[in-house]
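Subject: The structure you asked about

Hi,

Have it open while you read, and send back any questions.

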Amino acid sequence: MKVFALNASPRKDGNTALLINKIFSVLNDNNIETEMYQLAGETLRGCTACRTCFEKKNMQCVFKNDCLNEIVQKTADADGIIFGSPTYFADVTAEMKAIIDRLGYVNKANGNFLKRKVGAGISAVRRGGANRVFDTFNHFFLINEMIVPGSVYWNFAFGRNIGEVENDEEGMRTMEALGENIAWIMKKIGGGK
């Protein structure tokens, strides 16, 4: 079984990556393979609703000059998916929104390949707005018929400067419990396939 995480932070190895790695440590202890893709430095455009993905049904977005098609393949190959984003003006980063829209279109155009995969979203937040990020992720997972595990609190942790999230004891415990619940669900459903 494998979990693929997409880190939409513009800071490589920042607080969002630390939260994902906390979850990964639990998943690895449960013999679940993990991989993180960090969007830092990537430029992504939004979806134009051209519907070429529906015409071609080739598991690809028509725009091939960015990382979206690689991410499509990684999500298709994974049994579980984690989306991570810092909170930007009470929502996900623009890059994450572009991924959500374009991946969502390609998924629907190609037989809903995300169906019954485990999906979890997490956010690093300075002060407020993380619930909206959490909500944005859950809307994506649920409309794509994914299985969304819970945790001991909403999936975010507080921290502004890199490393500060590790001082949020409740936030880190939330990530740990989320990892435990992802592992439990994946084992019960046999990896979502």
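First, a term: a cavity here is a set of grid points where a 1.4 Å probe fits but cannot get out. Please also keep in mind that this is a predicted model.

With that rule, there is 1 cavity of 30 Å³ or more, and the largest cavity holds about 90 Å³ of space. Its lining is made up of 13 residues, and those nearest the centre are Cys47, Cys50, Cys53, Cys61 and Tyr105. Two elements, α2 (52-56) and α4, each give two or more residues to that lining. The largest share, 3 residues, is from α4. By class, the cavity lining has 9 nonpolar, 2 polar and 2 charged residues.

Then there is the open space. The largest pocket has a volume of about 410 Å³. It is lined by 18 residues, with Pro86, Thr87, Tyr88, Arg126 and Arg160 closest to the centre. Here the elements giving two or more residues to the lining are α1 and β4. Sorted by class, the pocket lining has 7 nonpolar, 7 polar and 4 charged residues.

On to the packing. Nonpolar side chains tend to be buried together in soluble globular proteins. In this model the largest nonpolar core has 31 residues, and the ones touching the most other members are Leu6, Leu39, Phe83, Met96 and Ile99. At least two residues each come from β1, α3 (68-77), β3, α4 (94-109) and α5. Helix α4 makes the largest contribution to this core, with 7 residues.

What does phenylalanine 83 contact, leaving aside its neighbours within four places in sequence? The list is Leu6, Met96, Ile100, Leu103, Ala120, Gly121, Ile122, Phe137, Phe140 and Phe141. There is also a second, separate core of 22 residues, which includes Ile32, Val118, Ala120 and Met186.

Helix α6 (residues 169-189) is worth a look too. The buried residues of α6 are Gly171, Met172, Thr174, Met175, Ala177, Leu178, Gly179, Ile182, Ala183, Ile185 and Met186. An α-helix has 3.6 residues a turn, so residues three or four places apart point the same way. As for what covers the buried residues of α6, the elements include β1 (2-7), α1, β3 (80-86), β4 (118-125) and β5. After α6 comes glycine 190, with a positive phi near 70°.

Last, two backbone details. Asparagine 31 has a phi near 60°, which is positive in a residue other than glycine. You will find asparagine 31 in the loop between α1 (15-29) and β2 (33-38). Is asparagine 31 buried or exposed? Its relative accessible area is 70%, and the cut-off for exposed is over 50%, so asparagine 31 counts as exposed.

Glutamate 145 likewise has a positive phi near 60° and is a residue other than glycine. Its place is in the loop between α5 (130-143) and β5 (156-158). With a relative accessible area of 39%, glutamate 145 is partly exposed.

That's the lot from me.

Cheers

Key. Residues numbered from 1 in each chain as written. Predicted model: local features only at pLDDT ≥ 70, side-chain atom pairs only at ≥ 80, totals over all residues. Heavy atoms only, no water. Helix = DSSP H or I, 4+ residues; strand = E, 2+ residues; numbered from the N terminus. Buried < 20%, exposed > 50% of the residue type's maximum accessible area, 1.4 Å probe, protein only. Contact = heavy atoms within 4.5 Å. 1 Å grid on protein atoms, 1.4 Å probe; cavity = no way out; pocket = protein on both sides within 12 Å on 5 of 7 lines; lining within 4 Å. Points joined across faces, edges and corners; volume = space filled by probe spheres on them. Nonpolar A, V, L, I, M, F, W, Y, C, P; charged D, E, K, R; others polar. Core = buried A, V, L, I, M, F, W, Y, C linked by side-chain atoms within 4.5 Å.
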